[in-house]
Amino acid sequence: MTYNSSLLRLLEERGYIHQMTDAEGLDALASKQIVPGYIGFDATAPSLHIGSLVQIMLLRRLQQTGHKPVVLMGGGTTRIGDPTGRDESRKMLSNETIDANIASIKTIFDRLLTFGDGPTDAVMVNNHDWLGKLGYIELLQEVGTHFTVNRMLTFDSVKLRLEREQPMTFLEFNYMILQGYDFRHMEKHMGVRLQMGGSDQWGNIVNGIELARRMDGVEVFGVTTPLLTTADGAKMGKTAAGAVWLNEDALPAWDFWQYWRNVDDRDVGKFLRLFTDLPLDEIARLEALQGSEINAAKVVLANEVTRLCRGDDAAKAAEATASATFAGGGLGADLPVLDVPAGGIGIIDALVGIGFAASRGEAKRLVAGGGARVDGEAVSDEALHITVEGEVRISSGKKKHGILRQV
């Protein structure tokens, strides 16, 4: 289908569209007026990870094409927990923790969206503001009658949990009702006509669309993005070392930059389209690079994403550290540092202390496999004692480097 609206043309060109409820209707609406659109984020941690970045960029694309992004923070739904893709109930958080998480998470949106009072300025709202005021009996009377248990049992979030014989609490079972109510509430009180989200949210989005139609006779729309995986099939946002967090205080800029610099060659073009503002013709040029030249495209990717999420200074510092470490054999300023006493340190303790191994056993396996290096020289003796005078470089494989510094 050929779209008339700049919104859907941009989303299609850059690979954001997986499903839409009414493509022609949404295209027509976006062609003639500003469309307020929202995505919901629960506040289960002080930072989102890069698995959420495609959704944040979706809100950025909405604003770039003249529409209004609405960031919905799940201050209410976080108290319940979305069962989608989960085998167990989410740990309950205190009100204070949830509020602190929301304040911390907002910093990443401040970088990627323009907030204000204008017609296309982004706004952030908290669904606890309305869900917290709902009386239970009133909710059952007003909203509960529009949901059937028969249909709710067919949704993957419920069905998969039951098939695996994992318990689902009645509290979690109500999550889809409250998410559907969010859409209806924001349409009625804020004029929101579009909900977006990942492909796993399709059922929840459809619930909200149907609820708005049944309760208010209003047509609203839904768009989902494809399930985002890396070329080797791994889910975005997770690595062997843990989550790739968006906030600086959760993951240093150097490690964030390195994640993007080390992506699979096959992912470069896709990630440049989704996570940067580079023109499509420039992206086509970069992804066409072959052999070792593709590394230049990966540096561009790392710089652009880090600049968006962490700022220009963080991107420049990370690239300078990479240049000093890899090209010049020096010690970049952003590398992780382990302070070592005057007597030195054993290689196993050094690998664990600087974070290259989670345990002594893992560190021994790293040495045995030839993956540990000190000042560029491979280490084969797990009993090696390192004497540090000034600074010494320690490495795990070809891509992880750190500094041992005498104190």
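Student: In which sense do strand 11 (residues 372-374) and strand 12 pair, and over how many bridges?
Tutor: The model is predicted: local features need pLDDT of at least 70, side-chain atom pairs count only at pLDDT 80 or more, and totals for chains, interfaces and linings use all residues. Residues are numbered from 1 along each chain as its sequence is written, and side-chain values use heavy atoms, without hydrogens and water. Strands (E, at least two residues) and helices (H or I, at least four) are DSSP runs numbered from the N terminus, and two strands pair if DSSP finds at least two bridges between them. For strand 11 and strand 12 the sense is antiparallel, and the count is two bridges.

Student: Which residue of strand 12 is the bridge partner of Arg-373?
Tutor: Arg-373 has its bridge partner in strand 12. That partner is Ala-378.

Student: Is helix 13 roughly parallel or oblique to helix 15?
Tutor: Helix 13 (residues 268-275) and helix 15 (residues 294-310) pack at about 25 degrees, with axes 10 Å apart. Axes are lines fitted to C-alpha atoms over the stretch in contact, and angles run from 0 to 180 degrees between N-to-C directions. Angles under 35 degrees count as roughly parallel, over 145 as roughly antiparallel, 65 to 115 as roughly perpendicular and the rest as oblique. Helix 13 is therefore, relative to helix 15, roughly parallel.

Student: How many charged residues are in the contact of helix 13 with helix 15?
Tutor: Contact means heavy atoms within 4.5 Å, and the residues making this one include Phe-271 of helix 13 and Lys-298 of helix 15. Asp, Glu, Lys and Arg count as charged; Ala, Val, Leu, Ile, Met, Phe, Trp, Tyr, Cys and Pro as nonpolar; the others, Gly among them, as polar. The contact has nine nonpolar residues, no polar ones, and for charged the number is one.

Student: Is Glu-304 buried or exposed?
Tutor: Glu-304 is in helix 15. Buried means under 20% relative accessible area, exposed over 50%, and partly exposed in between (1.4 Å probe, protein chains only). At 17% relative accessibility, Glu-304 therefore counts as buried.

Student: How far apart in space are Glu-304 and Thr-276, C-alpha to C-alpha?
Tutor: Leaving aside neighbours within four places in sequence, Glu-304 is in contact with Thr-276 and Leu-278. Glu-304 and Thr-276 are 28 residues apart in sequence, and their C-alpha distance is 6.0 Å.
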